[in-house]
Amino acid sequence: MKIENIQVLRGPNIWSVSRKKLIQMRLNLEELENQPTNTIDGFYERLEKLIPTLYSHRCSPGVPGGFFQRVKAGTWMGHVIEHIALEIQSLAGMETGFGRTRETKTPGIYNVVFTYLEEKVGIFAAESSVKIAEALIKGQDYDLEHDIQKMREIRENTRLGPSTGSIVEEAIARDIPWIRLNNQSLVQLGYGKNQVRFRATMTEKTSCIAVDIASNKDETKRLLLEQAIPVAKGITISSLEGVDEAIRKVGFPLVFKPLDGNHGRGISINIKTHEDAVEAYEFAAKISRRVIVERFVTGYDFRVLVIDNKMVAAALRDPAHVKGDGILTIQQLIDKENEDPRRGYGHENVLTLISIDRDTLDLLEKKGYTLETVPKKGEKVFVKSTANLSTGGTSVDVTDHVHPQNVFICERISKIIGLDICGIDIMAENLTEPLTENGGVVLEVNAAPGFRMHIAPSEGLPRNVAGHVIDMLYPPGKSARIPIIAITGTNGKTTTTRLIAHIVKNNGHRVGFTTSDGIYVQNTMMLKGDTTGPVSSEFILKDPTVDFAVLETARGGILRAGLGFGFCDIGVVTNIQEDHLGLADIHTLDDLTRVKGVVVDSIKKDGWAVLNADNEYCVRMGKNAHCKVAYFSLHENNPIIKSHCKKGGIACIYENGFITIQKGDWKIRVQRTTLIPVTFGGTVPFMIENVLAATLATFLCDFKTEDIKISLETFIPSAAQTPGRMNIFNFRDFRFMIDFAHNPAGFKGIKAFLDHIDSPLKIGIIAGTGDRRDEDIRELGKLSAEMFDYIIIRQEKHLRGRTAENIVGLLKEGIASVNTTVPIEVVPKEIDAIKHSMSLARPGTFIVALSDVIDNAIETVQNYQEQERNGTFNM
């Protein structure tokens, strides 16, 4: 077997719109294509022994053990690998369930698809599942536990922490989109101008000054003391000499903690001797130059969480510990405690495994214990000095038992420090009595408190504290989204996208849009290139200045990684025509429809699919759409339009020379096509189609027809406004047009336009693209022979696995099948071809460069225009 490719799908995709996180592995079974599982001796038995938990996989029989039944009866190895990849992730603590294995049009090559929770784990699972299958086939031993532990480690290194993750999960539950902005915990909620950002449990509302205060324990303590908040007695020192002063002023027992520390690092508690005090100071000084020394207050460790100045949770925290039974050693007791099913690696379970480190050994040494000591029955032995859950501590929810005065004190503390999310550490006998009565004190205030102890306490009621964060960031009435219009199809996507963006901008929005030539905010290009994939969509959705997104969405990005957004408000499909067939398992128009249909499937239920009623594949999409549907057509009597409008549907049609909105029986004429520049006086049908689609999409956005009309009149086709889309340059004796047409449908559109051009000589500069089928390249030649009097073939780029000679030969075959007398020249370089075509021009000549390298062609022709104006133009 051989893995040919692994793709990570992060958005709606051809396999599932709702399951956005999928691994797609292209697997070549090679000789195993002829060896189903029932022909491999002992395979079933070895698989069952290595991964017995696969019994829970029901597979097509629909019962426990169903998958094993399939293996016994005989199934292909791709199917087995799919189930192994799912199960080993589950064994590593990441429950997944969806999988598909489908053979491609190439025998022996399969797409193995399965869900993942963490991207890098999913990739590892894909590779591991193939290795496991190979070992089982050969009868070799395999260390499965090693792979499972490795996946756990990858997960802990890459996943969002429990606090960040809980906020994201709450956002998802409320249908708020999110984007991870780095490989740590910086997250964006919402899109465009409605986005908010947070890192761990600090939000963009968190005051920088408040964080600075909370990070300085001395400053925090001073401010609280001034406001009559009970705090532990203590001083701050910065040298060994200060240890004696602290002992004299504060008195034993003591607590030493770094002034700038966090997560319990560098803390030593219950210090009772001068020797221990010196050691504790040196330990804390490794973390911070200044060290706080406080009176050690006996009692219990509580954490109170305040969000948006309201107390939302409280927990009793206990450091990791074991209880003696008079028989087992401390090491054995720790091992036994770690067998608790609630404990897991990292943050995978409610509790974390207890590890043995320096802190553990120091605590034991202070008691005169070692790991081999057998504690007395019932004796509680602490093995960590702090109560952090990440080191094995436990928590008990006490939210409902906090005295009202303590609630008042904590909410007041959050305002004194100025934090929107605030964790307050309190040492007291209990929280059921006022701190002023039971002698409890505030130890410190945390600016980025962990949520895990509240969302998954060891005992007591879990608290949805993340919900309070979302309530604060998105109060009622505040939207997290911006309108999204996604445009897909074979031809016309870019012009339709630009025209929609032009209309949206003219209606007062700050629009961000993506096209095959670049990413734009308003009309300023941000990035140059083919930007029609999910990364480009995300670029726009991350921009905090954008309030409306118009996204050209091509097949390549959908196949490569899925959509860059969860769903859109309006999806436009311009047409489905032959192009890119034979690539990436897309062999037929039905296959291509399935890919483009991802956009329609991702439209929200109350959104709109804007579809071409003149295209049978678009009509088919409309019949299966789960949203509202509106059609556009060049023919007012199109039966789909008539039936649709008879039912009260909305359409946009070309009738009597007008762009017209039709709803039910009534019509609104928007503008005559002769007055819409991009239609070239109404002579270019495919441009009229683009106008129909854009008009309908923006009408459904509730823009007024009068405003749409003005925008249609002011959208001027040019190299600046529509680069590579019928850009015409006027010279003294001839005209030169550049267009991006690169497939038969595009060539036919240009041919329809040229039929209206009166010229004594029409010269065409054409090229093929190497990754298209032979018949597609020949078809370009045939169409060229029908519309040009003189043909120049240039072929310097986009060979994509072919030779230039092969592509040129196919073009010539197509030309010769239509016209054997048309002059043909081969000029390899585009710049040379342009110059040569101009040298052939005579008065009235019309030259057309059908270019797949737009920038070079436009710049070259514009330079010649400038030379003609300067009088230096000489062919």
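Predicted model: local features only at pLDDT ≥ 70, side-chain atom pairs only at ≥ 80, totals over all residues.
Let me start with helix 7 (residues 208–215) and helix 8, whose axes come within 5 Å of each other and cross at roughly 100°; helices here are DSSP runs of H or I with at least four residues, strands are runs of E with at least two, and both are numbered from the N terminus. The axes are lines fitted to C-alpha atoms, for helices over the stretch in contact, with angles running from 0 to 180 degrees between N-to-C directions. On the side of helix 7 the contact is made by Ile 213, Ala 214 and Ser 215, and on the side of helix 8 by Lys 217, Glu 219, Thr 220 and Leu 223, contact meaning heavy atoms within 4.5 Å.

Residues are numbered from 1 along each chain as its sequence is written, and side-chain values use heavy atoms, with hydrogens and water left out.

Now to the salt bridges, meaning a side-chain nitrogen of Lys or Arg within 4 Å of a carboxyl oxygen of Asp or Glu, of which the structure holds 43. In one of them Asp 218 pairs with Arg 290, with the closest N and O atoms 3.7 Å apart. Asp 218 lies in helix 8 (residues 217–226) and Arg 290 in the loop between helix 10 (274–285) and strand 12 (291–295), so this pair ties together parts that are 72 residues apart in sequence. Asp 218, at 30% relative accessibility, is partly exposed, and Arg 290 is partly exposed too, at 32%; buried means under 20% relative accessible area, exposed over 50%, and partly exposed in between, with a 1.4 Å probe and protein chains only.

What about Arg 498 and Asp 517, buried or exposed? Both are buried, and they form a salt bridge whose closest N and O atoms are 2.8 Å apart. Arg 498 belongs to helix 17 (residues 493–506), and Asp 517 to the loop between strand 23 (511–514) and strand 24 (518–521), so the bridge ties together parts 19 residues apart in sequence.

I will finish with helix 23, where 13 of the 15 residues are buried, so that the helix is largely enclosed by the rest of the structure.
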